Every structure is written in C-alpha cells, then in structure tokens.
Amino acid sequence: VSSTAVTFSFSRLSRLEPESQRALAIGTLAASTMLYPRLAVAMAVLNLRVASDLVWYLLVPFVAGVISLIVVRNSHGAAVTPQATGNPLQLLPAIQMALAFQVVLFATAWVRVSFGSRGLMTSGALLGLAEMDALAYSMATLERLGTDAHLAARAVVAGVAANSWMK
C-alpha cells in the first residue's frame, strides 16, 4: 500500500470527518513510517547491492517515525475511530499511483540516457514526489545497467526526502 496514497486519502477524509482527525493523523504517520522498512525490503529483493547502501540511510527516519508514533499515540486526547465510510484507499488514488509509476519509469530512463549519472540525484528527488516503488525499481534496474550502487541508493534517499516533504 502506498504511503502517499494513504496520506492523500486520509487527508481528504479528515476534512470530511473532523472528529477523526487524530486517528487519521496516526494512520498517516504509521503509513509514512512503514515506507522505510517496506522500501528496504523491496530494494533487497530487487537489488541487494543498492539495498546494502540504502538501509543505513533509512534507519534514522524509521526510528524517528516509530518514536513519533509512540509519543503521539500516548499523548492526551481522545482518539476517535473514524466512521466506516468505505475504503479509505479509494480507486482513483490507486489509479493515479499506477499512472505515476509508468511516468516515473519513462522519466528515469530518459534522465539516464540524457544526463547520465549526473542527473540521478535531481531526478530521484523529482520522481520521489510521485511514487517511491517506481523510483526504487528504476534505481535497482539502473544499477544493473552500470550505475554505481551508492549513487543509486542516494538517488532513492533523495526521493524519500522529497516524498516525505510533500506529504
């Protein structure tokens, strides 16, 4: 499940159900925190060389997210469970993420051909705004095509930073 899709869906839902904002915020924080281990596991499956560099970059934000979840969850204030209003992971955001995935794949290939490794950090940040799984897949593939594993990992980190900032 895309943490970006969860963030956008829960954000929309929180405007419709103000009494559920705290619970939705906790859900958003949890989804965003799970991005880090999910991305590390996905990269380990796709490309172990990139994953071995990437995991160290993801450790600190994951721990910070877990600590934030503990603090927010234990803070005072009644957590209201959102009313059952249907699936918060709506079809339209899922379709948008699938389309973004395709755009990211094409854009990464274009950057590699046009700019070589110089443009990977910038494209990683730009592409991370759309979809992290597509960026991870692209960087894993580019490493197998000759891109340095450390550079590919740093491009994913740039995407993670941009994705987190956008959320």
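Colleague: Which residue forms a salt bridge with Glu-143?

Modeller: In this predicted model, the partner of Glu-143 is Arg-49, and the closest N and O atoms of the pair are 2.8 Å apart.

Colleague: In which helices do Glu-143 and Arg-49 lie?

Modeller: Glu-143 belongs to helix α6, whereas Arg-49 belongs to helix α3, which covers residues 48-74. The pair therefore ties together parts that are 94 residues apart in sequence.

Colleague: Is Glu-143 buried or exposed?

Modeller: Glu-143 counts as buried, because its relative accessibility is 9% and the cut-off for buried is under 20%.

Colleague: How many salt bridges are there in the whole structure?

Modeller: The search finds two. Besides the pair of Glu-143 and Arg-49, there is a salt bridge between Arg-38 and Asp-133, with the closest N and O atoms 2.7 Å apart.

Colleague: Let us turn to helix packing. How do the axes of α6 and α7 cross?

Modeller: Helix α6 spans residues 132-144 and helix α7 spans residues 149-166; their axes come within 9 Å and cross at roughly 170°. The two helices are therefore roughly antiparallel to each other, since angles over 145 degrees are classed that way.

Colleague: Which residues make the contact?

Modeller: From α6, the contact uses Met-132, Leu-135, Ala-136, Met-139 and Glu-143. From α7, the contributors include Ala-149, Ala-152, Val-156 and Gly-159.

Colleague: What classes of residue are in the contact of α6 with α7?

Modeller: By class, there are nine nonpolar, two polar and one charged residues. Glu-143 of α6, a member of this contact, is also the salt-bridge partner of Arg-49.

Colleague: Now the overall picture. How many helices and strands does the protein chain have?

Modeller: The protein chain has seven helices and zero strands, and along the sequence its pattern reads α-α-α-α-α-α-α.

Colleague: What share of the residues is buried?

Modeller: Of the 167 residues in the protein chain, 39% count as buried.

Colleague: And what about the accessible surface?

Modeller: The accessible surface of the protein chain is about 9100 Å², and 70% of that area belongs to carbon and sulfur atoms.

Conventions. Residues are numbered from 1 along each chain as its sequence is written. This is a predicted model: local features need pLDDT of at least 70, side-chain atom pairs count only at pLDDT 80 or more; totals for chains, interfaces and linings use all residues. Side-chain values use heavy atoms; hydrogens and water are left out. Helices (H or I, at least four residues) and strands (E, at least two) are DSSP runs, numbered from the N terminus. Buried means under 20% relative accessible area, exposed over 50%, partly exposed in between (1.4 Å probe, protein chains only). Accessible areas come from the Shrake-Rupley method with a 1.4 Å probe; for residues, only the protein chains shown count as cover. Axes are lines fitted to C-alpha atoms, for helices over the stretch in contact, and angles run from 0 to 180 degrees between N-to-C directions. Angles under 35 degrees count as roughly parallel, over 145 as roughly antiparallel, 65 to 115 as roughly perpendicular and the rest as oblique. Contact means heavy atoms within 4.5 Å. Ala, Val, Leu, Ile, Met, Phe, Trp, Tyr, Cys and Pro count as nonpolar, Asp, Glu, Lys and Arg as charged, and the others, Gly among them, as polar. A salt bridge is a side-chain nitrogen of Lys or Arg within 4 Å of a carboxyl oxygen of Asp or Glu.
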